[in-house]
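Here is a short briefing for a reader new to this structure.

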Amino acid sequence: MSGGFQFLDIIFFAMVAAFLVLRLRSVLGRRTGHEQQHAEGHMRRRGVGQSKQPQAEAQEPQDRQEVERQMSRAAGPGAPADVTAGLTQIKLAAPAFDPQEFVEGAKSAFEMVISAFASGDRETLNQLVGDDVLTAFIDAIDAREEAGKTMEHRLVALHKAAIAGAEMKGRNAFVTIEFVSDQINVVRDAQGTVVEGDADDPSEIVDQWTFTRDTASDDPTWTLVVTESG
């Protein structure tokens, strides 16, 4: 990977100063131009998104073949069959699920989480991510601060955000989004000297984030449970 950063799976490598940078501005949902206000108004504890409709509406019967056609179109040309099948299962379990809106919301989630991690905003992270991811983030932030280091982050461009995986496990839905972005990530020591990254040279980073929610629950929140970078 360019830019001198080793962006590793934060769940396993947060304590080794990988300083994985993630970013986020709002919960899963349609962007409005007021993402931060939207996020503050809708996010639930340790969740990053909500369905559009009350859970009670998720029990209406659906025509499976029609749902399959809808999800095939939503997955896009060339999408793996298992992705389309997974989206179909999720849509049947939770009719309010909209893949396109989910992707738009995931893009906002990507931006907000990265910003919160880079700035050491533990409170925001606590509201947005699952327990394992939260522990990894907090450990990395603690290690950075104990070393007297600070992080600067800028998302230069988000080139891709697409569904890379979808499945049902019991009543739990899992959707994985692949992000391809150009980012500037700089870590400075206590004296302000750059020790990681380049303030003028963006690096291309590929991330895969997995969100989950219980489709049988009245809580419509999607929670970020896995983050991986390659």
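**Overall layout**

The protein chain has seven helices and five strands. Helices (H or I, at least four residues) and strands (E, at least two) are DSSP runs, numbered from the N terminus. The model is predicted: local features need pLDDT of at least 70, side-chain atom pairs count only at pLDDT 80 or more, and totals for chains, interfaces and linings use all residues. Residues are numbered from 1 along each chain as its sequence is written, and side-chain values use heavy atoms, with hydrogens and water left out.

- Along the sequence, the pattern reads α-α-α-α-α-α-α-β-β-β-β-β.
- The protein chain holds 230 residues, and 47% of them are buried. Buried means under 20% relative accessible area, exposed over 50%, and partly exposed in between (1.4 Å probe, protein chains only).
- Contact means heavy atoms within 4.5 Å. Of the contacts with a separation of 6 or more, 67% join residues 24 or more positions apart.

**The nonpolar core**

- In soluble globular proteins, nonpolar side chains tend to be buried together.
- A nonpolar core is a set of buried Ala, Val, Leu, Ile, Met, Phe, Trp, Tyr and Cys residues joined through side-chain atoms within 4.5 Å.
- The largest such core here has 41 residues. The members that touch the most others are I90, V113, V129, V175, I177, F211 and W222.
- At least two core residues come from each of α3 (64–75), α4 (81–93), α5 (99–119), α6 (122–128), α7 (131–146), β1 (150–169), β2 (172–188) and β4 (203–214).
- α5 gives the largest share, eleven residues.

**Helix pairs**

- Two packed helices are described by the angle between their axes and the distance between the axes. Axes are lines fitted to C-alpha atoms, for helices over the stretch in contact, and angles run from 0 to 180 degrees between N-to-C directions.
- The axes of α3 and α4 come within 9 Å and cross at roughly 125 degrees. α3 and α4 are therefore oblique to each other. Angles under 35 degrees count as roughly parallel, over 145 as roughly antiparallel, 65 to 115 as roughly perpendicular and the rest as oblique.
- From α3, R64, V67, E68, Q70, M71, S72 and A75 meet T84, L87, T88, K91 and L92 of α4. This contact has five nonpolar, four polar and three charged residues. Ala, Val, Leu, Ile, Met, Phe, Trp, Tyr, Cys and Pro count as nonpolar, Asp, Glu, Lys and Arg as charged, and the others, Gly among them, as polar.
- α5 and α7 pack at about 35 degrees, with their axes 9 Å apart. V113, F117, A118 and S119 in α5 meet F137, A140, I141 and R144 in α7. By class, that contact has six nonpolar, one polar and one charged residues.

- T84 lies in helix α4. It counts as buried, at 15% relative accessibility. Not counting residues up to four places away in sequence, T84 touches E68, M71, S72, A75 and A79.
- R73 is in helix α3. At 56% relative accessibility, R73 counts as exposed. R73 and T84 are eleven residues apart in sequence and 8.8 Å apart, C-alpha to C-alpha.
- V180 sits in strand β2. Its relative accessibility is 14%, so V180 counts as buried. Leaving aside neighbours within four places in sequence, V180 is in contact with A157, L158, H159, K160, E204, I205 and V206.
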